[in-house]
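I opened this entry to keep track of what I looked up, going from the whole chain down to single residues.

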Amino acid sequence: VQLQAFGGGLVQAGGSLRLSCAASGRTFSSYSMGWFRQVPRKVREFVAVISGYGGRTDYADSVKGRFTISRDNAENTGYLQMNNLKPEDTAVYFCAADRSYTLYQAFYDYWGQGTLVTVSS
């Protein structure tokens with residue numbers, strides 16, 4: 001499956017952004033979708049994951065209550081709605097897909113390119 005993430009940009013602290021991850025090539029609903037983020041010189045970290053049909057989600061503690069992961073299998077697209085953004089949310093955000101439901105990036109077989117989110121204070 002091919003993934004393309006987009007929707008990043010510059011936003012002020014307290015603002016919102018919605019990232020999208022467009023998928024193609026395989027049956028999207030067969031894959032869980034995760035979002036990860038990375039800042040320079042740090043390890044890429046888990047943000048959120050959603051199961052193939054959307055019935056199960058998990059979030060990193062740092063984003064719980066502020067971020068919402070969702071998907072539209074009819075549109076082959078996943079989303080990450082980010083509200084009340086903080087400067088520490090600044091990172092390159094990646095979407096990923098795998099047949100398993102996992103929070104661990106090592107298990108993801110498919111990755112999109114990153115999209116940069118910058119939150120100014």
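**Whole chain**

I noted at the outset that this is a predicted model. I looked up the secondary structure and found 0 helices and 11 strands. Read from the N terminus, the order is β-β-β-β-β-β-β-β-β-β-β.

Next I checked the dimensions. The C-alpha trace spans about 40 × 30 × 25 Å along its principal axes.

How much of the protein is buried? I got 44% of the 121 residues. The accessible surface is about 6200 Å², and carbon and sulfur atoms hold 48% of it.

**Trp 111**

I found Trp 111 in strand β10, which covers residues 110-111. Buried or exposed? I asked this of Trp 111 and got an answer in between. Its relative accessibility is 27%, so Trp 111 counts as partly exposed; the buried class stops under 20%.

I listed the contacts of Trp 111 beyond four places in sequence. They are Leu 3, Phe 36, Arg 44, Phe 94, Cys 95, Ala 96 and Gln 105. I also looked up the distance to Ala 5. Trp 111 and Ala 5 are 106 residues apart in sequence, yet their C-alpha atoms are 9.2 Å apart in space. The side chain of Trp 111 also reaches the backbone oxygen of Tyr 108, at 3.3 Å.

**Asn 76 and Asn 84**

I went through backbone angles next. Most residues other than glycine have a negative phi. Asn 76 is not a glycine, but its phi is positive, at about 55 degrees. Asn 84 is not a glycine either, and its phi is positive at about 50 degrees.

Where do they sit? I placed Asn 76 in the loop between β7 (67-72) and β8 (77-82). I placed Asn 84 in the loop between β8 and β9 (91-98).

I then checked accessibility for each. Asn 76 has 26% relative accessibility and therefore counts as partly exposed. Asn 84 has a relative accessible area of 43%, so Asn 84 is partly exposed too.

**Asp 89**

Asp 89 lies in the loop between β8 and β9. Buried or exposed? I looked up Asp 89. Its relative accessible area is 0%, so Asp 89 is buried.

Which residues does Asp 89 touch, not counting those up to four places away in sequence? I wrote down Arg 37, Arg 66, Phe 67, Asn 84, Val 117 and Val 119. Asn 84, from the previous entry, is one of these.

**Thr 102**

I found Thr 102 in the loop between β9 and β10. Thr 102 has a relative accessible area of 7%, so I logged Thr 102 as buried.

I then looked at what its side chain reaches. The side chain of Thr 102 is 3.0 Å from the backbone nitrogen of Tyr 104. Leaving aside neighbours within four places in sequence, Thr 102 is in contact with Val 49, Phe 107 and Tyr 108.

Terms used:
Residues are numbered from 1 along each chain as its sequence is written. This is a predicted model: local features need pLDDT of at least 70, side-chain atom pairs count only at pLDDT 80 or more; totals for chains, interfaces and linings use all residues. Side-chain values use heavy atoms; hydrogens and water are left out. Helices (H or I, at least four residues) and strands (E, at least two) are DSSP runs, numbered from the N terminus. Buried means under 20% relative accessible area, exposed over 50%, partly exposed in between (1.4 Å probe, protein chains only). Accessible areas come from the Shrake-Rupley method with a 1.4 Å probe; for residues, only the protein chains shown count as cover. Contact means heavy atoms within 4.5 Å. A polar contact is a pair of N or O atoms within 3.5 Å; within protein, one must be able to donate a hydrogen and the other to accept it, and residues adjacent in sequence count only if both atoms are side-chain atoms.
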